[in-house]
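Here's a quick briefing on one structure, sorted by topic. Have a look at the model first, then read on.

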Amino acid sequence: TNADGGIIAWNRQAERLFGWTADDIMGRPVDHLFLQDGNHTLPAINADNFATLVERNLLKRRFEHPAMRRGGTTFPAEISLSPLRIDNHLEFSLFIRDISELKQAEHARIAKEQAEAANAAKSGFLSNVSHELRTPLNSIIGMAHLLLKGKVTADQREMLEVMEHSSLDLLEIVNDILDIS
């Protein structure tokens with residue numbers, strides 16, 4: 001760009017990325033290429049705004065800011081902005097790269113990590129539930145079994161057998177539920 005922020009050079013990659021031909025875009029402000037709304041602000045890229053660009057640490061490094069295609073669609077862009085001194089005039093060189101695929105890969109990685117964390121939490125929960133349910137059930141089954149080996153009345157035997165069989169049935173249900181989970 002020139003000192004006023006007007007576009008003075010435009011290559012084929014820029015044409016493909018933004019949808020503007022060199023004839024359409026030459027002389028227009030480079031700021032026209034970037035989304036400016038309440039959530040995204042980029043200082044004007046021109047010589048008068050040089051101090052602000054330095055203050056915001058936007059020079060000689062890569063930063064992200066949404067860019068806008070000719071039709072108005074936006075895309076995440078990585079921008080490299082460098083000041084150039086040419087014939088004692090300040091100009092700017094911009095390299096703009098569409099990072100949509102990188103962002104999609106990052107979102108996929110984060111989603112995978114979240115799914116893995118949720119799965120680990122589920123496994124931990126099921127392990128804890130398994131222990132919390134099976135331990136008392138096994139105690140009940142064991143006590144009923146021991147009592148059945150001793151001297152008990154016919155009514156007590158019947159009640160202990162019902163307790164033992166019901167506990168075994170419940171343990172089987174718990175095991176099936178935990179296996180499915």
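Start with the helix pair: the axes of α4 (residues 100–149) and α5 (residues 154–180) come within 9 Å and cross at roughly 160°. Axes here are lines fitted to C-alpha atoms over the stretch in contact, with angles from 0 to 180 degrees between N-to-C directions. This is a predicted model, where local features need pLDDT of at least 70 and side-chain atom pairs pLDDT 80 or more, while totals for chains, interfaces and linings use all residues. Residues are numbered from 1 along each chain, and side-chain values use heavy atoms, without hydrogens or water.

**Helix pair**
- α4 and α5 are therefore roughly antiparallel (the cut-off is over 145 degrees).
- Their contact has 16 nonpolar, five polar and four charged residues.

**Hairpin**
- Strands β2 (residues 74–86) and β3 (residues 89–98) run antiparallel, joined by ten bridges (pairing takes at least two DSSP bridges).
- Two residues sit between β2 and β3 in this hairpin, and Asp-87 in the turn has a positive phi of about 50°.
- Arg-85 stands opposite Leu-90 in β3.

**Largest pocket**
- The largest pocket holds about 450 Å³ of space (a pocket is an open set of points on a 1 Å grid where a 1.4 Å probe fits, with protein on both sides within 12 Å along at least five of seven lines).
- Its lining has 20 residues, with Ala-9, Trp-10, Asn-11, Leu-94 and Phe-95 nearest the centre (lining means an atom within 4 Å of a point).
- β3 gives the most to that lining, with six residues.
- By class, the lining has 15 nonpolar, four polar and one charged residues.

Methods: Helix = DSSP H or I, 4+ residues; strand = E, 2+ residues; numbered from the N terminus. Parallel < 35°, antiparallel > 145°, perpendicular 65-115°, else oblique. Nonpolar A, V, L, I, M, F, W, Y, C, P; charged D, E, K, R; others polar. Points joined across faces, edges and corners; volume = space filled by probe spheres on them.
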